[in-house]
Amino acid sequence: MWVESHMLTPHRCEAAVLQRISRTLQASNSAAAHRRPINRRPMAMAVPGPPLDSPSRPRATLDSLNFDNKALRALPLDREVHQNYVRSVAGACFSRIKLTPLKNPRLVAHSQGALDLLDLCPSEVSRGGGREFAERFGGCVALPGSDAAAHCYCGHQFGYFSGQLGDGCAMYLGEVVNGRGERWELQLKGSGKTPYSRTADGRKVLRSSIREFLCSEAMHHLGVPTTRAGSCVTSDTYVVRDILYNGNAIEERASVISRIAPTFIRFGSFEIFKTRDQTTERVGPSVGRVDILHQLLDYTIETFYPKIHEAHTEDRLARTAAFFHELCCRTARLVALWQSVGFCHGVLNTDNMSIVGLTIDYGPFGFLNRYDPGHICNGSDDGGRYAYDKQPSVCRWNLAKLAEALSPCLSREEAEEGLKRYDAEFQKAYLEKMRKKLGLVHKELPDDSDLIESFLDTMHKTGCDFTNGFYSLSQLSISMPKEGGGEGEGEGGKRSLEQTVDALLDQCASPQEIVKSTRPGMPPHQLSMFKMLAQQNPEVLRSLGLSPLALQAELEKTETISRLKNTSPEDKRASDRKLWCSWLKLYRHRLAEEVDGMESDALDKMNQVRRDVMLQNNPRFILRNHILQMAIEQAEKGDNSEVQKIQELSKHPYSHILPTSTTSAELRMAESTTSSALVATPSPSPSPSSGNPL
């Protein structure tokens with residue numbers, strides 16, 4: 001055994017990103033027997049058809065969704081049929097379960113764009129006054145053709161193998177093949193107890209359901225590969241939850257979201273075969289069943305990586321290596337997109353990593369407000385394992401754990417090659433995206449990575465908002481270099497620079513805001529004791545669960561508070577101005593290199609191209625936690641309008657023009673950095689070189 005130690009743009013159609021992922025999916029007519037190898041007959045590929053939102057597209061009703069539940073035919077099933085009691089499940093990938101209905105289910109919100117993937121007719125959502133849809137998508141009444149089951153998987157959680165986990169609150173309903181030949185798995189989350197619920201009740205509450213529903217769809221429109229959310233249903237069934245884990249439990253409404261993806265198989269699906277872990281002493285429930293590992297690999301590669309399957313039909317080792325290499329690259333590109341939009345997942349355990357490179361399982365996620373590379377969005381992550389800046393390395397670690405699980409079919413050399421490809425692909429994808437965010441569209445220079453890092457460092461030092469900081473740069477115009485080198489400096493250039501500096505300063509936090517948000521995790525006397533202990537005996541410090549890096553982060557917080565608590569807003573703004581002017585000098589020099597050698601009459605066109613690229617890669621609207629909470633509080637009172645408003649605004653994250661249906665109140669919500677989740681700076685002026693922001 002071994003282990004390595006170590007967005008949609010406005011002009012793209014709504015389903016473009018997931019269509020790229022699903023392009024390789026196949027519709028299957030095979031009917032392989034239970035526990036038998038996958039049928040090798042040729043399968044129908046996805047075929048061109050009308051756009052997903054086309055009126056001419058064939059539509060299905062709640063009674064006629066085209067289910068074709070290939071996973072349950074191809075993979076071994078639990079011998080206990082339709083039994084939801086908690087148990088260890090050996091020798092199986094799925095357990096068939098029965099529905100556990102909710103009381104008085106009703107719709108909170110739905111995404112027609114996601115439901116279009118299933119070919120579901122829009123009018124079906126309101127069928128029977130909306131009750132029939134809520135009953136079926138709330139897990140109360142079975143959809144004809146569905147076959148309810150829960151998936152068995154394991155996982156490494158916070159770095160430790162946890163043994164059997166599985167779909168503890170989720171239900172596989174089946175796979176719908178739409179009119180384009182695309183295969184989409186339909187799943188309900190919060191649908192009740194399963195064999196994998198452990199000590200929980202299998203339910204989700206309204207607040208967590210709204211968060212996942214809105215973020216799944218927001219991420220899709222940002223252009224980040226993700227599972228989709230078709231609907232959010234709540235009920236009059238109540239469950240008890242201790243929100244703050246302080247003993248003050250309350251009753252909350254049980255709620256269900258429908259999730260749609262090519263598959264919900266994850267890294268942990270392949271860990272059910274794990275031998276005894278040396279640290280936790282746990283084993284996978286199907287330890288030693290290499291035959292099932294082969295089945296799961298064959299199913300995954302044939303169904304979701306058909307080109308790899310076709311290229312290596314007779315060579316399992318080559319097929320597995322090619323699959324792992326491709327997954328490493330997909331995961332690298334996914335994480336690069338997370339970093340570029342300031343998304344922090346929060347729970348990057350191996351059981352929360354998609355086998356097809358999607359963002360999956362939205363829990364304590366968060367988007368960055370002011371830029372903090374060490375931002376932790378999960379209150380349970382005391383050591384910062386899943387902090388924003390750790391995401392690329394922890395996903396690499398997870399891939400190494402997957403390689404270990406695949407070791408009967410994957411050599412160490414091929415695994416190491418895959419991880420090398422991950423490193424290279426991440427750097428390539430991240431740099432490519434960040435160049436676009438900075439408007440570096442004409443040339444790729446070696447020092448660009450240094451410019452990007454210095455921009456992030458300046459944002460961190462000034463407490464600048466991550467999203468709005470990037471967006472502000474689109475106001476700066478390129479000037480022609482002077483003869484003999486140097487920057488041009490016309491009146492338009494000066495005005496553009498001043499506007500950009502002011503826009504950036506407006507996005508920087510005040511001293512009081514930084515002090516308020518920079519809360520040390522321990523009192524001063526305890527921090528002093530740990531500091532002394534770290535100097536004298538670091539091993540004892542580690543035995544107490546505190547790493548030197550975590551201690552250093554706490555010390556930096558204390559230093560920041562000490563430095564800023566007596567600083568006036570005016571003094572900080574003056575200091576921030578110097579920092580930004582210093583960085584902007586580097587940036588303008590780099591922009592001048594963009595047009596070096598160009599004719600002067602090409603400058604206006606170049607400025608417009610640069611601005612267009614920046615607006616297509618720097619969102620104006622992102623989903624922030626404080627506005628999510630406002631919408632949740634309204635929904636808990638029975639008012640779903642805020643959820644629906646946020647959902648509508650999040651469909652247009654890259655647009656500097658709001659939808660025509662947006663009211664003046666929604667406009668104020670969208671442009672207020674203190675009262676909205678979907679916030680950004682005001683739009684840049686139509687001309688890159690003149691005028692005030694809109």
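Which residues have the most contacts inside the largest nonpolar core? They are Phe-270, Phe-324, Leu-438 and Tyr-587, as the legends below set out for this predicted model.

**Figure 1. Overview of the predicted chain.** The model is predicted, so local features need pLDDT of at least 70 and side-chain atom pairs count only at pLDDT 80 or more, whereas totals for chains, interfaces and linings use all residues. Residues are numbered from 1 along each chain as its sequence is written, and side-chain values use heavy atoms, with hydrogens and water left out. The chain contains 22 helices and 15 strands; these are DSSP runs numbered from the N terminus, helices being H or I of at least four residues and strands E of at least two. Of its 694 residues, 56% are buried (buried means under 20% relative accessible area, exposed over 50%, and partly exposed in between, with a 1.4 Å probe and protein chains only).

**Figure 2. The largest nonpolar core has 155 residues.** Such a core is a set of buried Ala, Val, Leu, Ile, Met, Phe, Trp, Tyr and Cys residues joined through side-chain atoms within 4.5 Å. Helix 8 (residues 316-341) contributes the largest share of this core, 12 residues. Another core, of 8 residues, lies apart from it and includes Leu-527, Phe-530, Leu-541 and Ala-550. Leaving aside residues up to four places away in sequence, Phe-270 touches Ile-265, Leu-293, Leu-296, Leu-297, Thr-300, Ile-355, Leu-402, Ala-405 and Leu-406 (contact means heavy atoms within 4.5 Å).

Figure 3. Because 14 of its 16 residues are buried, helix 5 is largely enclosed by the rest of the structure. Just after helix 5, Gly-223 takes a positive phi of about 90°. Glu-212 forms a salt bridge with Lys-189, with the closest N and O atoms 2.7 Å apart (a side-chain nitrogen of Lys or Arg within 4 Å of a carboxyl oxygen of Asp or Glu). Glu-212 and Lys-189 are both buried.

**Figure 4. Two further salt bridges, Asp-298 with Arg-319 and Arg-573 with Asp-506.** The structure holds 47 salt bridges. In the pair of Asp-298 and Arg-319, the closest N and O atoms are 3.1 Å apart. This pair links helix 6 (residues 290-304), which holds Asp-298, to helix 8, which holds Arg-319, 21 residues apart. Asp-298 and Arg-319 are buried. Between Arg-573 and Asp-506, the closest N and O atoms are 3.3 Å apart. Here helix 18 (residues 569-595) provides Arg-573 and helix 13 (residues 491-506) provides Asp-506, 67 residues apart. Arg-573 is partly exposed at 34% relative accessibility, and Asp-506 is exposed, with a relative accessible area of 53%.
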